[in-house]
Amino acid sequence: MTQENQKIIALQNQVDQLRQQLAQAQKLTSLGELMSTTTHEFNNVLMSVINYAKMGLRHKDDATRVKSFEKILAAGQRAARITQCILGMARNRSDNFESTDMKAIVEDALVLLEREMRKYRVAVERDYHSVPPAMANGNQIQQVLLNLLTNARQAMPRGGTVTIRLSYDEKAETVDLMVRDSGQGIPPEKLPHIFDPYFTTKDGPDASGKGGTGLGLSACRDIIEAHNGRVRVQSTIGRGTAFTIKLPVVKAPVPAPGVTLPAGMPTGSSETA
Ligand SMILES: Nc1ncnc2c1ncn2[C@@H]1O[C@H](COP(=O)(O)OP(=O)(O)OP(=O)(O)O)[C@@H](O)[C@H]1O
Ligand SMILES: [Mg+2]
């Protein structure tokens, strides 16, 4: 073997190692974000319980006490919904793709983020069309959604609207999930880099502890790529950004593992995976 070949093999090994480290870093970042989201949410719920319990103790009249109990009940029910989501994610740790109800995945992600959205004055609009099941790993898609929704929120520092659209592209045989914000937009010269690992324009984590590592979108791209899907982005400065994810629908019969599913062939704009 020539010296040149040895060098190439050594470099290839190095690249493989760096790839593995990157995948690990991406996983840890999403886990960290999930932890910080759920911890925040839980803390908010606990604060409600504590404050309304105090109110009920302070005021002796029936009306105030009934109101306090109602608020405590609502907070408790919300806490139960949050733990259900987390348990669901923890239970399904496999990397398998299966028939997935995308609407349920979106709603679960929103349970975790709805309060944060309200706090930052972001209205969430749902535009759900009827869609067939997608061939997907629910946990991973939820991770993608949390990343996209957090980016959307951070692009609207003075609040705005995020629209989540679910639709079926019959021709491409894909379920399309779009997350659109009314935020600052992405300058055209930055657009080609947003999926690069560690590319960020944020100074660091915001008040909610999120953002600034630049791994969010690179993890999204890797996940969608593994799904044989597509992700495309359209952005206009000052008007907003829309990310669309196209996932293959479940075909009957379900293909054996290793069989490549056809994916959509969207056009135009910046596109990856
Ligand atoms: N919806 C959006 N609107 C405007 N810019 C965006 C949007 N989504 C992503 N970007 C740009 O792409 C960059 C990369 O996004 P990415 O999610 O990968 O990293 P990040 O949000 O900076 O950090 P983190 O990895 O912690 O999420 C962002 O820093 C931002 O400049
Ligand atoms: Mg991000």
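Hello everyone, and some housekeeping to begin. Because the model is predicted, local features need pLDDT of at least 70 and side-chain atom pairs count only at pLDDT 80 or more, while totals for chains, interfaces and linings use all residues. Residues are numbered from 1 along each chain as its sequence is written, and chains are lettered from A and ligands numbered from 1 in the order in which they are written.

How confident is the predictor? On pLDDT, its confidence in each residue from 0 to 100, the protein has a mean of 88, and 91% of its residues reach 70 or more. Please treat residues 264-268 with care: pLDDT stays under 50 there. For that stretch the model has 10 contacts beyond four places in sequence, a contact being two C-beta atoms, placed from the backbone, within 7 Å.

Now to the ligand. Helices (H or I, at least four residues) and strands (E, at least two) are DSSP runs, numbered from the N terminus.

I call a residue buried if 20 or more other C-beta atoms lie within 10 Å of its own, exposed if 12 or fewer, and partly exposed in between, with C-beta atoms placed from the backbone. For H4, 17 of the 17 residues are buried, so this helix is largely enclosed by the rest of the structure. Its end C-alpha atoms are 24 Å apart, which agrees with the 24 Å that its 17 residues should span at 1.5 Å a residue, taking 1.5 Å times one less than the number of residues.

H5 is also largely enclosed, because 8 of its 11 residues are buried. Val-144 touches Cys-220, Ile-223, Ile-224 and Ile-245, leaving aside residues up to four places away in sequence.

That brings us to the largest nonpolar core, which has 41 residues. Such a core is a set of buried Ala, Val, Leu, Ile, Met, Phe, Trp, Tyr and Cys residues joined through C-beta atoms within 7 Å. Val-144 and Cys-220 are among the members that touch the most others. H4 gives the most to this core, with 7 residues.

Finally, some backbone details. Most residues other than glycine have a negative phi. Glu-173, in the loop between S4 and S5, has a positive phi near 55°, and counts as partly exposed with 18 C-beta neighbours inside 10 Å. Tyr-198, in the loop between S5 and H5, has a positive phi near 70° and is exposed, with 10 such neighbours. Just after H5, Asn-228 takes a positive phi of about 60°.

Methods: pLDDT = per-residue confidence, 0-100.
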